[in-house]
Amino acid sequence: MDEEYDVIVLGTGLKECIISGLLSVNGRRVLHMDRNKYYGGESASITPLEALFEKFKKDPPDSAKFGRGRDWNVDLVPKLIMANGNLVKMLISSGVTRYLEFKSVEGSYVFKGGKIYKVPATEKEALGSSRQRRLFGGFLGIFCVCKV
């Protein structure tokens, strides 16, 4: 690479991508690099599933158990952006949203103790069993002081 650049941005996390995009839009010649094979830094979403196993130096997943690797998209760090929050407003006003895709959360899962658990997203899912209702009632009992 014998080209000249005004700025070199290392890393492809959200901050680095925004900085790179803003500098580029303002006429700077930007070289944007990352040491990983994927974009997103430590907050990347990794797909296919085989790439996740490779990142953590594990044996490839069993396709009979997990299905097609490209059907998976795993976030290294859970991240939610409030739909009407200041960050979204800033991203929209900067024009960076041309390079981003916003998507509604279809489901969230947590890996704990060697098992995968679905995070309840609706009231019905959260209070689906009598055990869950009982636990939630006990939780509310700890924090609620009711006057009669």
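Trainee: Which residue's side chain makes a polar contact with the side chain of Ser-20?

Mentor: The partner is the side chain of His-32, at 3.0 Å. A polar contact is a pair of N or O atoms within 3.5 Å; within protein, one must be able to donate a hydrogen and the other to accept it, and residues adjacent in sequence count only if both atoms are side-chain atoms. This is a predicted model, in which local features need pLDDT of at least 70 and side-chain atom pairs count only at pLDDT 80 or more, while totals for chains, interfaces and linings use all residues. Residues are numbered from 1 along each chain as its sequence is written, and side-chain values use heavy atoms, leaving out hydrogens and water.

Trainee: Is Ser-20 buried or exposed?

Mentor: Ser-20 lies in helix H1 and counts as buried because its relative accessibility is 9%. The cut-offs are under 20% relative accessible area for buried, over 50% for exposed, and partly exposed in between (1.4 Å probe, protein chains only).

Trainee: In which sense do strands E1 and E2 pair?

Mentor: Helices (H or I, at least four residues) and strands (E, at least two) are DSSP runs, numbered from the N terminus; two strands pair if DSSP finds at least two bridges between them. E1 (residues 7–10) and E2 (residues 30–33) are parallel, with 4 bridges. His-32, in E2, is the bridge partner of Val-9. Between E1 and E2 the chain passes through H1 (residues 14–25), a right-handed β-α-β crossover. Right-handed here means that, with the strands pointing away from the viewer, the path from the first strand over the helix to the second runs clockwise.

Trainee: How many bridges join E5 and E6?

Mentor: There are 5, in the antiparallel sense, with E6 spanning residues 115–119. Tyr-117 in E6 stands opposite Val-110. The hairpin has 2 residues between its strands, and Gly-113 takes a positive phi near 60° there.

Trainee: Which residue has a positive phi although it is not a glycine?

Mentor: Most residues other than glycine have a negative phi, and most peptide bonds are trans. Lys-57 has a phi of about 55°. Lys-57 sits in the loop between H2 and helix H3 (63–66), and it counts as exposed because its relative accessibility is 76%.

Trainee: Where is the cis peptide bond?

Mentor: The cis bond joins Thr-47 and Pro-48, with omega about 0°. Pro-48 belongs to the loop between strand E3 (45–46) and helix H2 (49–55).
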